[in-house]
Amino acid sequence: MLGLLVATDPAWAELAARNLGAVLIDHAHCEMKAASNAMSLVARYGGLNELLSTEVVLRLSDLAQEEIEHFRQVVREIARRGEVLGPPPVDDYAQQLRKGARGLPWSQGPQEKVLGLADRFLVGALIEARSAERFKLLAAALDGHALQAFYTELFASEARHYRTFIDLANDVVGDAELVRERHGALYEMEAGVVRALARRGLRPAIHG
């Protein structure tokens, strides 16, 4: 369903389960950034009715609201454990995906603004897909832990967000085949990013 070309090293889940405090803090920042990204798309493109209809704006705001609720849930768990959220770290994974998408030309397509917005949606889909994959791995590694059900639920939520972003890209481009082609190219690029980050060593982070 998620179509990722490179699987996360199973050792990541073991590392994450052993360092759950660090993972929770990183996870909270990921949820906050996801909510901010959804609303930044509304702020940037919401006034362009030919790109972002009222329906799309509302779907993005619903997504942001759900990400904020996840953020609140994770922050409560961090506080329960007596830990502190702290400042957000740089997410090399997301940063490299966005940079890679900007440097990867489309084979064809409509006006530049449409393609730029579609790329934002498709990169968002990739981030959600990778998060979903890792939440599923983490839930399995937390067998019997109180947070296992939470991460199982979040796996389903992130997988749904992945589908939402694909649907939004199709809506704005209006050419499902072109979107599939672009998505395939971005999958290849994402695989390269994951391989490169893996060579640095595993980290107890959602995109580590």
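Predicted model: local features only at pLDDT ≥ 70, side-chain atom pairs only at ≥ 80, totals over all residues.
Buried residues here are those under 20% relative accessible area, exposed ones are over 50%, and partly exposed ones lie in between (1.4 Å probe, protein chains only). Residues are numbered from 1 along each chain as its sequence is written, and side-chain values use heavy atoms, with hydrogens and water left out.

**View 1**
Helices (H or I, at least four residues) and strands (E, at least two) are DSSP runs, numbered from the N terminus. Read from that end, the elements run α-α-α-α-α-α-α. The radius of gyration, taken over C-alpha atoms, is 17 Å, close to the 17 Å from the globule rule for 208 residues, so the chain is as compact as a globular protein of that length. That rule is 2.2 Å times the number of residues to the power 0.38. Along the principal axes, the C-alpha atoms fill a box of roughly 50 × 35 × 30 Å.

**View 2. The largest nonpolar core holds 48 residues.**
A nonpolar core is a set of buried Ala, Val, Leu, Ile, Met, Phe, Trp, Tyr and Cys residues joined through side-chain atoms within 4.5 Å. Look for Leu 60, Leu 97, Leu 117, Phe 121 and Val 173, which touch the most other members. Two or more residues come from each of helices H2 (20-45), H3 (54-80), H4 (92-102), H5 (112-141), H6 (148-173) and H7 (176-199). The largest share, 12 residues, belongs to H5.

**View 3. Leu 117 and its contacts.**
Contact means heavy atoms within 4.5 Å. Setting aside residues up to four places away in sequence, Leu 117 touches Leu 41, Tyr 45, Leu 51, Leu 52 and Val 172. A second, separate core of 21 residues can be found too, with Ala 13, Ile 78, Ala 139 and Phe 150 among its members.

**View 4. Ala 38 sits in helix H2.**
Ala 38 counts as buried because its relative accessibility is 0%. Beyond its neighbours within four places in sequence, Ala 38 is in contact with Leu 60, Leu 63 and Ala 64. Ser 61 is 23 residues away from Ala 38 along the chain, yet their C-alpha atoms are separated by 6.8 Å.
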